[in-house]
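Please have a look at the fold before reading on.

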Amino acid sequence: MTLTTNDFDFNLPEQLIAQVPIQNRLASRLLKLDAQTGEYEDGHFPDIASELEPGDVLVLNNTRVLPARLHGIRPDTGGHVEVLLLNNTEGDRWETLVKPARRIRVGTEIAFGDGQLVAVVAEELDHGGRIVEFKYQGIFLEVLEALGEMPLPPYIKEKLDNPDRYQTVYAKENGSAAAPTAGLHFTQEFMADLEARGIDIAYLTLHVGLGTFRPVSVDDIDAHKMHSEFYSLDQENSDKIRRAQQGGHKVVAVGTTSIRTLETIGTKFDGEVKADSGWTDIFIAPGYQFTVVNSFITNFHLPKSTLIMLVSAFAGREHVLTAYQHAVAEEYRFFSFGDAMFLRGPQYQDPAISEEDIEAAKRRNSQFFTQKD
């Protein structure tokens, strides 16, 4: 069947979009969904522990959000410019989103603070994107910490009192323009308790970039192009994941960024998890056959987004939309500061998905089927 963006739409009252984080990270609600049966159950986030068994591995994205939103002035006109850092392409060059973009051309200079930081536009990209080169004195990250602010998503209107609440407690590797929000529910104490129960914890890195902010603007999902994001999985952590696989245990991803990294590697290496790094634009939608992930934790996502398409690829579109209907009726909190879901695998084999759909999913990600080691 040919799926359109509208097939992933649902009614979401605006008041259910969480504007601030709850005080206790562990106090979030949890909707557990069985991918095979579509049955769901209400609970609270610590119930995750009952879904995990000794030998299972929990895979978390340890990226750290940069204070990536900068407010500057054009010295030539005095006009205000907002710059959002997305990816460090090389040296002091960054891929960014700028607003307003219409008059920001190659060669335009933007000054931040009292001139401690200056950006020169080097290249124009689509959708307000610009490659800029920064000029500064000292250490770039220290300058950015002094001048930048946390880049909260546009649907969050409230000011964040404590920027650390938009970081996971295990954030380590600087580079993201947005948080891997499924991980915001964890505390160090809860993670230590899971490890004491025999649950292994592995870390990978995917720096969240433009894909988080770019909506699906086409009707036919096959025409949507994901933006590339940098990922990395080292040997120590790939060994943990492979050990769980070989022992017949679950690989449980925390968040869609962890899923996309694991599935990029698994698709690239015929289901085997290896230490690897690079750029991924994998697009997971119904028809995709999961290679690594057995179950996962995620938040509730935007209507018509690539993220709800990913969840639907695992648990079936009808199952997911029915569960979302329940979440709306029960007034779960949605999006970055909202509540969580646990998707219990294995992947649902949706009878509505044909061989043609599976082949279409492979075509969307053909580069990962051809880059064999």
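This is a predicted model: local features need pLDDT of at least 70, side-chain atom pairs count only at pLDDT 80 or more; totals for chains, interfaces and linings use all residues.

Nine strands build an open sheet with mixed pairing, in the order 2-1-17-16-14-3-12-13-15. Its edges are strand 2 (40–44) and strand 15 (276–280), each of which pairs on one side only. On average, neighbouring strands are turned by 20° against each other, direction ignored. Within the sheet, strand 3 (residues 57–61) and strand 14 (residues 251–254) run parallel and are joined by three bridges. Leu-58 has Val-252 of strand 14 opposite it.

Helices also meet this sheet. Helix 4 (residues 256–268) packs on it, touching strands that include strand 3, strand 12 (200–206) and strand 13 (229–233). Helix 6, in turn, lies across strand 1 (29–34), strand 2, strand 16 and strand 17 (340–344).

The angles are gathered here:

| Pair | Angle |
|---|---|
| Helix 4 and strand 12 | about 85° |
| Helix 6 and strand 1 | about 155° |
| Helix 5 and helix 6 | roughly 120° |

How do helix 5 and helix 6 lie relative to each other, and which residues make the contact? The axes of helix 5 (residues 306–315) and helix 6 (residues 317–329) come within 7 Å and cross at roughly 120°, so the two helices are oblique to each other. Helix 5 contributes Ile-308, Val-311, Ser-312 and Ala-315, while helix 6 contributes Arg-317, His-319, Val-320, Leu-321 and Tyr-324. Six of the residues in this contact are nonpolar, two are polar and one is charged.

How values were computed:
Residues are numbered from 1 along each chain as its sequence is written. Side-chain values use heavy atoms; hydrogens and water are left out. Axes are lines fitted to C-alpha atoms, for helices over the stretch in contact, and angles run from 0 to 180 degrees between N-to-C directions. Helices (H or I, at least four residues) and strands (E, at least two) are DSSP runs, numbered from the N terminus. Angles under 35 degrees count as roughly parallel, over 145 as roughly antiparallel, 65 to 115 as roughly perpendicular and the rest as oblique. Contact means heavy atoms within 4.5 Å. Ala, Val, Leu, Ile, Met, Phe, Trp, Tyr, Cys and Pro count as nonpolar, Asp, Glu, Lys and Arg as charged, and the others, Gly among them, as polar. Two strands pair if DSSP finds at least two bridges between them.
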